[in-house]
Each structure stands twice: as structure tokens, then as C-alpha cells.
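Subject: Structure for your review

Dear colleague,

Please find the structure below, together with its sequence. My notes on what was found in it follow.

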Amino acid sequence: MLKSKISRRLIFSFLLITITSLSLLGMYLLQFFYNENLKTKTENLIINARTIEVSLEDALYNPAKQDYVNNEIHKISDATNLRITIINVNGQVIADSWEQTEELDNHLLRQEVQDALHKKYGTSIRYSDTIKENMLYAAMPVYQNDELVGIVRTASTLYPIENSYKHIRNTIFTALCITIILAVLSGFILAYRQIKPIRQMIEDAQKIADGDLDRRIYIYTNDELEVLAQTINKLTTNLEEKISEADAETRKLSLILENMDNGVMLLDTQGNITTANQRARDLFRLTPDLMKKQSINAIGSTLLSETAKEVLKTMSTKSIAFKININHTKKTFDVFFAPIINSDNTVISILSVFHDISVLQEMSTRQTEFVANASHELATPLTSICGFSETLLSGALKDPVLCEKFITIIHTESERMDRLIKDLLQLAKLDSKEYRQQIKIESVDLKEVCLAVKLKLQAQIDRKAQNLQLNLPIEPVIVQANTDWIMQLLMNLTENAIKYTPEQGQITLTCTLDQNKVFVKVKDNGLGIAPEDLPFIFERFYRADKSRIRLDSSGGSGIGLSLVRFIVELFGGHIFVESQLKVGTSFTFYLPK
Ligand code: ADP
């Protein structure tokens with residue numbers, strides 16, 4: 001208990017108050033009692049001296065009545081227990097009730113005698129060697145006919161007063177001791193009662209501080225401690241609310257971070273990765289063990305760490321384009337760096353956000369390529385049209401044979417341009433989202449489309465003495481699509497088959513269906529496509545090298561197959577190709593029923 005400062009202070013205060021107040025009170029009372037008793041005793045002695053003086057009056061200093069006086073003062077002394085002394089003006093003792101006058105010395109220089117000679121009376125306290133006690137003396141001057149004739153002195157022992165004084169002093173001391181014990185005891189009890197709730201409060205508050213925010217302090221002392229406990233409880237509730245709000249906010253943020261499409265990383269001031277979201281971890285294969293030790297350099301470029309250093313130095317944001325090969329795929333990121341600045345204006349961390357712009361980049365590259373390809377494809381026939389028309393104008397017109405030859409070339413080239421422009425327009429149409437949404441979806445019978453295609457291309461087939469065989473089921477083959485676009489799709493595939501199959505070649509158009517899908521296969525035994533070209537043939541303007549040896553004077557634009565794939569996918573299908581050089585090619589697509 002004494003370990004507690006509060007207990008020590010309480011007990012000490014109790015003791016201090018008790019000892020001081022009791023001591024002061026005791027001292028005052030003792031002094032008061034002693035003085036009062038002394039005063040009363042002195043008054044009594046004076047009265048007695050006066051009474052003796054009055055009663056013995058003339059006999060007092062009359063040598064003839066010396067015996068009478070002696071007798072009288074002995075009688076009074078026996079009755080009152082006082083010592084009575086009659087002294088003449090010279091200080092000589094004439095009579096004394098306790099001592100023989102002959103044995104007594106001159107009393108003139110006694111304090112009380114001196115005082116009585118000059119004042120109304122005199123008093124003094126002296127230790128008596130005779131009775132070994134303190135004595136109180138009172139001396140009264142005696143006047144006869146206005147002349148000082150002597151002094152009557154009365155004296156009494158102070159033993160009773162001093163005895164009472166000692167007794168009271170002991171009583172007060174005992175009371176003081178008892179009170180001290182009681183004060184210490186009550187101090188202990190009070191301190192215990194005060195400290196118990198405080199201790200409980202400290203214990204609970206420590207648990208709250210250690211994170212147990214569900215804990216509350218239950219103290220019902222009906223005083224300030226209870227108010228303090230309630231305040232701490234309120235504080236804890238507020239803290240709990242704030243923490244859960246912050247937790248929710250953090251959870252929300254981490255959820256956003258974890259699920260966002262951008263890779264986000266936090267770097268320390270050394271450029272080491274401290275945190276990375278799921279996307280960043282997946283993209284750059286960051287493992288938790290590696291993360292804290294790994295510098296951003298490990299991702300594959302010093303550019304990143306240099307930019308991070310610059311951001312750290314300038315304390316400002318920075319964006320860079322960052323290219324990297326991930327799983328043999330070229331990726332381009334727009335990386336945004338931002339410093340995280342502390343309240344004391346120092347950078348504590350660097351935020352880096354990796355925004356994958358590979359698709360955008362590819363789109364832009366494709367667009368550029370597309371424009372270049374389209375321009376190139378248009379420029380080739382245009383150059384030849386220009387060249388031949390110039391030759392015609394500079395004289396060839398006059399030669400009918402040359403003239404016909406050149407005009408035929410100009411016609412063929414313009415037809416090629418026309419086809420190219422039509423194909424481009426078709427592509428542009430399909431590229432437009434608005435147009436795609438407007439396409440009318442209807443039930444299309446593929447059997448009928450195949451028959452129509454055969455009819456339309458019969459002339460071309462005949463020109464090359466080829467054979468187009470249709471393998472169609474008996475029942476109608478219905479898909480939900482658009483007749484014109486399905487027609488375009490089959491026309492492109494069949495025209496290609498005709499184009500890239502030598503004369504007398506065999507082309508087959510087969511239609512099959514299962515429970516959910518309709519399959520169409522366009523097969524030929526033509527030139528075939530080299531394996532290295534196969535992955536690219538559906539790309540715009542792509543023409544396999546072999547096909548550049550034009551079998552048909554009309555040539556190709558390299559757009560047909562890209563349109564085919566576009567149409568198939570537009571109606572929820574998929575197309576694939578199988579081919580072998582000099583053996584043949586088969587394009588198979590399916591559409592949902
Ligand atoms: P093009 O207008 O050049 O025919 P396509 O996009 O239709 O353009 O075809 C792309 C390339 O695919 C062609 O240049 C050709 O090399 C190849 N190809 C397409 N169909 C066949 C086929 N049936 N047999 C051989 N090669 C083909």
C-alpha cells in the first residue's frame with residue numbers, strides 16, 4: 001500500500017494535520033490551564049495575605065504581641081496549608097508559620113518582597129529546598145498610619161497545579177498517540193478505498209491502450225473518478241468508431257487497390273518495393289519474400305529507379321513510358337510516380353502506378369500501319385493507272401493494240417482500287433459501334449446462302465475450270481445473323497478458294513450442325529498457306545508471300561479474311577484455319593444456332 005504515492009501522501013497529510021492540530025491545541029490548553037490556575041492561586045494568596053493583615057492589624061508589628069501573632073499564623077497555616085511569613089521593612093522575618101524565625105535569613109532581597117515594597121503586591125515562584133517543590137509566594141505591604149511597616153507574605157506549594165498539568169499533558173500525549181494510530185489507520189483505509197478504483201481504472205486503461213477496445217471501465221464511486229471512468233469509456237467508444245471507420249476506409253482502399261486494373265507499388269526512399277497490389281504482383285511476378293528486398297530495378301529497367309530518384313529529389317510527380325517484354329509479349333506502361341510527403345515535408349515513400357497502355361499503343365500502331373497499308377495499296381494501282389494513261393497520252397493511243405492493252409490494265413487497276421475501297425468501306429462500317437448496333441438480326445438459312453454464293457461465283461469457277469461441290473444437309477440450317485453479311489463472309493472465303501486454287505482445282509463447301517452450333521467449311525486443294533503465315537492471315541492487309549504471286553490478275557487487298565473474322569465474331573462465332581502448302585486450305589467457322 002505504501003508503494004502508492006497517493007497512499008503515502010494521504011497518510012502523511014493525515015498525520016501532519018492530526019499532529020499539528022492536536023499539539024497546538026494541547027499546548028494552548030495546557031498553558032491556559034496552568035496560567036489560569038496560577039492566576040487563581042496568586043489571587044487567593046493575595047486575598048489571604050490581605051485577610052491576615054486586616055485581622056491581625058495592630059498586633060502584627062507589636063513586639064508585645066509577638067506570641068499572639070505567631071499562634072494566629074500557625075492556626076491559619078494549619079487550616080489553609082499556607083506558609084505565612086511576617087516581615088518587617090528591613091527584611092527581617094518576625095514570624096513564620098513553617099520555619100523558626102531565627103533560622104531564616106533576611107528576606108529583603110526576595111523578588112516578591114522587593115515588588116511589594118514598591119508596588120501594591122509582589123509575587124514570585126521559587127523552588128523550595130525544604131519541601132523540594134516549587135512554591136508560589138505573594139507579598140502584601142502593610143501600612144500603619146500611611147507608613148510602610150512591613151510585609152505579610154503567603155506562600156503555597158505549586159505541586160497540585162503542576163501535578164494536574166503533568167496529568168493533563170500525559171492525557172493529551174496519549175490522546176495524540178491514539179489519534180496518530182487512528183489517523184494512520186483511517187489514512188490506510190481511505191487510501192485503499194481511493195486507490196482500489198484508480199488501480200482498476202489503470203488496469204482497464206492499460207488494456208484499452210494495448211488494443212482491447214471492447215473493454216470498458218465500470219466504476220461507481222459517485223465522484224470525480226466515476227466521471228473520469230465514463231469519460232475514458234466515451235473516449236474508447238469514439239476511438240473504436242474512428243478506428244473502425246479508418247479500417248473500413250483502409251479495407252475499401254485496399255479492395256480498390258487489389259482489384260484495380262493498374263499495377264500499384266509503394267517504394268521506400270532506397271527504391272525498394274515495400275507494397276504491391278495484386279495486378280503489380282502478377283505482372284512483374286513479385287513474391288512477398290522478394291518484395292521488401294527487391295529494388296524496382298528488378299522489374300527490368302534502371303529507368304524506373306532513376307525516375308524514382310528524381311521524384312525523391314524534386315518532390316514532384318513524374319510520368320514516363322515504360323516498355324517491357326512479359327511472357328514474350330511486348331507491353332507498354334504509362335508509369336506515374338508521385339512522392340508521399342510527411343507533415344515535416346520529407347518524402348517517406350514513392351507511389352508508382354503502372355497503367356497498361358499496350359492495347360492503346362497497339363491500336364495506335366495498327367492505325368498508323370493501316371493508314372500506311374491503305375495508302376500503299378491505293379498507291380500501287382494509282383501509279384500504274386497514271387503511268388499507262390501518260391503513255392497513252394504521249395502517243396500510244398495511236399497504236400490500237402497497245403491502246404487496248406493499256407486501257408485493259410487501267411480498267412483492271414481501277415477495279416482493284418474499287419474493290420479495295422469497297423472492302424475498306426465495309427471494314428469502316430463494321431468498325432463503327434453505331435452501325436453494328438443497327439445491323440438487323442434475322443433468321444438466315446445457310447443452305448440458301450451457300451446456293452446463292454455458288455450461283456454468283458459460277459462464272460469465275462467456270463473460267464478456271466474448277467469444281468465447287470456443296471455438301472449441305474437436308475434440313476434448313478438456320479442461324480440468327482444478317483443475310484447480307486453472311487453472304488459477304490461466304491463470298492470472301494469461296495472467292496479466296498477460287499483465287500488461290502489452280503485451274504481444275506476442287507473446292508468444297510460443307511455445312512454441318514450439332515445441338516448448338518452450325519459449322520461451315522470451305523475447303524480447297526490449292527496453294528495452301530505457309531505455317532509461318534498462318535497466325536497472321538486474319539490481320540488487315542496481310543498477304544502470305546506465296547499469294548503475292550497473283551494467280552488472278554485482279555489481285556487481293558489483304559482485307560478479305562479480316563472482314564471474315566470480324567463478321568463471324570460479330571454473330572458470336574469463331575473461325576479457324578488448317579492449311580498445308582501445295583495440299584490445300586480449309587477455313588471452318590461456326591455460329592450459334
Ligand atoms: P486477299 O485479298 O489478298 O485475298 P485476304 O485477307 O482474303 O486477302 O487473304 C489474306 C491472305 O491469305 C491472302 O493474301 C492469301 O495469301 C491467304 N489466303 C487466303 N485464303 C487462301 C486460300 N484459300 N488458299 C491459300 N491462301 C489463302
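UniProt, in an unreviewed entry, places a coiled-coil region at residues 225–252. In this predicted model, that span is 100% helix and 0% strand, with its end C-alpha atoms 40 Å apart. Glu 240, in helix α5 (residues 224–259), pairs with Arg 216 in the loop between α4 and α5, 24 residues away. The two form a salt bridge whose closest N and O atoms are 2.9 Å apart. Glu 240 is partly exposed, because its relative accessible area is 25%, whereas Arg 216 counts as buried at 18%.

The unreviewed UniProt entry also lists residues 12–34 and 172–192 under "transmembrane region". Residues 12–34 are 100% helix and 0% strand, and their end C-alpha atoms lie 32 Å apart. On the surface, Leu 25, Tyr 28, Leu 29 and Phe 32 form a nonpolar patch with about 420 Å² of accessible area together. Tyr 28 belongs to helix α1 (residues 5–56) and counts as exposed, since its relative accessibility is 55%.

Residues 172–192 are likewise 100% helix and 0% strand, with 29 Å between the end C-alpha atoms. Gly 187 lies in helix α4 (residues 159–209) and is buried, its relative accessible area being 0%. From Gly 187 to Ser 349 the separation is 162 residues in sequence and 57 Å in space, C-alpha to C-alpha.

Helix α4 also holds Glu 203 and Lys 207; they are four residues apart and therefore separated by about one helical turn. Their salt bridge has its closest N and O atoms 4.0 Å apart. Both count as partly exposed, Glu 203 at 46% relative accessibility and Lys 207 at 34%.

Across the whole structure, the search finds 21 salt bridges. Asp 261, Arg 279, Lys 331 and Asp 356 are linked in a network of them.

The second largest pocket may be of interest for your work. Its space amounts to about 800 Å³. The lining has 21 residues, and those closest to the pocket centre are Glu 362, Arg 366, Gln 367, Glu 539 and Arg 540. Two or more lining residues come from each of α9 (358–393), α10 (400–431) and α15 (560–570); α9 gives the largest share, nine residues.

Arg 540 also meets Asp 431 in a salt bridge (3.3 Å, N to O). This pair links distant parts of the chain, 109 residues apart: Asp 431 is in helix α10, and Arg 540 in the loop between β15 (517–524) and α14 (545–548). Asp 431 is partly exposed at 39% relative accessibility, as is Arg 540 at 32%.

Yours sincerely

Technical notes:
Residues numbered from 1 in each chain as written. Predicted model: local features only at pLDDT ≥ 70, side-chain atom pairs only at ≥ 80, totals over all residues. Heavy atoms only, no water. Patch = residues over 30% accessible without salt bridge, like charges linked within 9 Å, V, L, I, M, F, W, Y side chains within 5 Å. Areas by Shrake-Rupley, 256 points an atom, 1.4 Å probe, with all protein chains shown as cover. Salt bridge = Lys/Arg side-chain N within 4 Å of Asp/Glu carboxyl O. Buried < 20%, exposed > 50% of the residue type's maximum accessible area, 1.4 Å probe, protein only. UniProt positions renumbered as here; feature names shortened; annotations may be inferred. 1 Å grid on protein atoms, 1.4 Å probe; cavity = no way out; pocket = protein on both sides within 12 Å on 5 of 7 lines; lining within 4 Å. Points joined across faces, edges and corners; volume = space filled by probe spheres on them.
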